[in-house]
Amino acid sequence: MSTVVGDVETPSPPRRRFKITSLEVLCGLLVLALLGQNWLTGILDVPAIRTGATVFVAVCTQALPFLVLGVLISGAIAAFLSADALRRVLPKRQAVAVPVAGVAGVALPTCECAAVPVARRLIVQGAPSSVALAFLLAAPAVNPVVLVATAVAFPGEPGMVAARFAGSMATALAMGWLWARFGKAEWFAERVMRKLPEQTDGRSRWLVFAETARHDLVDAGGFLVIGGLTAAALNVVVPRSWINTLGDQIVLGIIVMAVLAVVLALCSEADAFVAASLSALPLLPRLVFLVVGPAIDVKLFSLQAGTFGRSFAIRFAPLTFVVAVLCAVAAGLIFLGGVR
Amino acid sequence: MRRETQNILLVLLGGALLKISFTGTYLRYVKPSHQWLLITAGAIMVLLALLSIGRDLINNRQAAAVDGHEGHTHSSTGAWLLLLPVLAVFLVAPPALGADSVTRAATTNRAVDDGRAVFPPLPAGDVIALPLSDFSARAAWDEGNSLNDRSIKLTGFVVHDGSAAYIARLAIGCCAADAFPIKVRLDDNPDATALPDDTWIEAVVSLKPGTATRENDYVPAAAALELREIPQPEDPYEH
């Protein structure tokens with residue numbers, strides 16, 4: 001399902017009298033859905049499925065505004081930030097440019113969904129991919145909104161905010177540097193690199209802006225929906241009672257919380273409250289939960305696979321997971337002073 | 001997928017967001033402050049789609065005069081999935097989370113590591129209304145025992161666990177995906193046990209001091225003095 005990148009719609013070869021296009025298919029689907037409405041609500045009337053459906057719609061409604069924000073920024077970059085200007089802003093050496101991207105992430109308070117189209121557009125406009133990826137990981141995790149939410153959720157623990165900031169920033173920088181050293185451009189889907197013709201006059205710039213935003217929205221929206229479906233299914237299926245049995249088994253706790261961060265796909269502004277409520281666990285596993293969640297989760301993986309291509313996502317996502325866990329543990333040991 | 005179809009999907013999806021934010025159904029899925037975000041996002045989606053439709057119409061009229069704009073048609077099969085939230089919103093309209101989510105969750109009652117504190121005193125009055133989250137926090141942690149011998153009105157829905165009946169409500173931080181339950185056991189009232197799950201009630205209760213302990217996940221018990229069935233409140237969650 002995520003291999004759809006890159007191929008171009010082919011016109012149906014032999015000319016038929018009645019051509020079925022996606023438009024007719026859409027109309028057909030809508031009519032079918034209307035006719036089958038009762039049947040549809042009938043099968044959804046099982047408590048578990050009902051809960052799943054609510055969580056699905058909730059994840060979509062929560063994330064879509066941020067995705068829209070992301071595609072608008074992406075459109076603006078495509079239309080108004082020329083490749084030359086970008087090159088002038090960024091330091092020449094990648095090793096220095098990566099931290100600049102990390103700091104830029106602090107200034108842009110977005111959900112993780114918004115960062116994906118923006119990162120892609122930065123690559124298209126000629127930013128080194130390591131820089132764009134550092135931004136992708138930093139923006140949702142270290143922005144002021146998230147840090148304030150963390151401070152509110154852990155009132156007696158100022159170390160938690162510092163540890164979260166350090167862990168997430170370290171993850172973004174480490175991934176950026178690793179990518180600068182080992183990443184290969186061919187892992188990206190072909191169309192990620194495709195450049196739009198540079199526009200110079202004002203009117204066509206706005207057209208580029210609107211068209212890029214619209215196109216990115218359609219592209220990424222579908223993958224957001226897959227992510228939402230996965231998160232909803234796992235939300236219902238994964239037994240939360242896992243957590244209660246963990247107690248003081250610290251290594252197991254860290255692993256389970258890291259996996260939980262991936263499967264629950266919470267928005268980075270709310271995950272601190274969920275972590276705070278899991279009081280049966282020590283602070284360190286909960287910190288891991290907060291650092292891993294914004295860096296990689298099922299929703300984000302789906303978006304990355306759709307935006308950058310599958311062969312990118314299957315390399316980038318697992319590596320991010322490991323790096324995020326390690327950075328979180330290190331940050332926890334330093335700023336929380338141990339497991340606690 | 002053709003551009004026309006993509007645009008129609010975007011109009012439908014934007015329309016779905018606008019619909020739930022104007023009818024108030026959005027409160028089943030996200031927190032109230034999300035409303036303007038949803039309206040803006042929905043409007044932008046519809047606008048982008050309409051702009052594109054308009055441009056296509058003009059381009060068609062100028063009929064292949066020049067080989068018009070970039071005109072690339074990406075196949076985005078993934079875009080079909082945008083239909084799912086549209087159908088879910090318009091045809092199914094999933095209800096707010098309820099008893100099923102409460103029983104599914106493991107930990108209940110947002111417990112702070114060491115929440116012992118003196119809470120601000122409750123206002124005077126015969127019966128005062130408190131959110132369930134406030135009630136359970138005071139029951140577990142208040143050194144000043146402000147709930148003792150007070151009649152408190154709680155709003156929530158009924159959940160059963162074995163023979164016990166609870167009044168429960170879900171609290172959300174951002175959207176329903178991060179909901180977690182808060183519950184209070186209703187004692188000494190056969191009516192509470194008789195009501196089916198998910199019935200919304202207003203209960204006047206009196207806390208049984210010392211019932212919220214670490215062993216029961218800080219779920220307090222209270223004597224249910226009065227029960228009244230009510231329709232589901234506009235905002236089904238606490239925040």
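The model is predicted, so local features need pLDDT of at least 70 and side-chain atom pairs count only at pLDDT 80 or more, while totals for chains, interfaces and linings use all residues. Residues are numbered from 1 along each chain as its sequence is written, and chains are lettered from A and ligands numbered from 1 in the order in which they are written.

**The two chains**

Chain A has 16 helices and zero strands. Chain B has six helices and six strands. Helices (H or I, at least four residues) and strands (E, at least two) are DSSP runs, numbered from the N terminus. Along its sequence, chain B runs α-α-α-α-β-α-β-β-β-α-β-β.

A residue is buried if 20 or more other C-beta atoms lie within 10 Å of its own, exposed if 12 or fewer, and partly exposed in between, with C-beta atoms placed from the backbone. Of the 340 residues of chain A, 55% are buried. In chain B, 42% of the 239 residues are buried.

Two residues are in contact if their C-beta atoms, placed from the backbone, lie within 7 Å. In chain A, 88% of contacts between residues at least 6 apart join residues at least 24 apart. In chain B, residues 24 or more positions apart account for 72% of the contacts with a separation of 6 or more.

**Where the chains meet**

Contacts link 63 residues of chain A with 64 residues of chain B. On the chain A side, α1 (22–35), α2 (37–43), α3 (47–80), α10 (202–237), α11 (241–246) and α13 (271–277) each supply at least two residues. Helix α3(A) gives the most, with 17 residues. This side of chain A holds 38 nonpolar, 17 polar and eight charged residues. Here Ala, Val, Leu, Ile, Met, Phe, Trp, Tyr, Cys and Pro count as nonpolar, Asp, Glu, Lys and Arg as charged, and the others, Gly among them, as polar.

**Cores**

A nonpolar core is a set of buried Ala, Val, Leu, Ile, Met, Phe, Trp, Tyr and Cys residues joined through C-beta atoms within 7 Å. The largest has 155 residues, and V59(A), L67(A), A134(A), F135(A), V288(A) and V292(A) have the most contacts inside it. Helix α3(A) gives the most to this core, with 19 residues. Apart from this core lies another, of 32 residues, including V102(B), A140(B), A212(B) and Y218(B).

V59(A) touches residues of both chains, among them G228(A), A265(A), C175(B) and A177(B).

Helix α15(A) (298–308) is largely enclosed by the rest of the structure, because eleven of its eleven residues are buried. These include K299(A), F301(A) and Q304(A). G309(A) follows α15(A) and has a positive phi, near 105 degrees.

Helix α5(B) (132–141) has seven of its ten residues buried, so it too is largely enclosed by the rest of the structure. Among the buried residues are F135(B), R138(B) and A140(B). Their cover includes β2 (151–161), β3 (164–171), β4 (180–187) and β5 (200–207) of chain B.

Most residues other than glycine have a negative phi.

Definitions and conventions:
Lists of a residue's contacts leave out its neighbours within four places in sequence.
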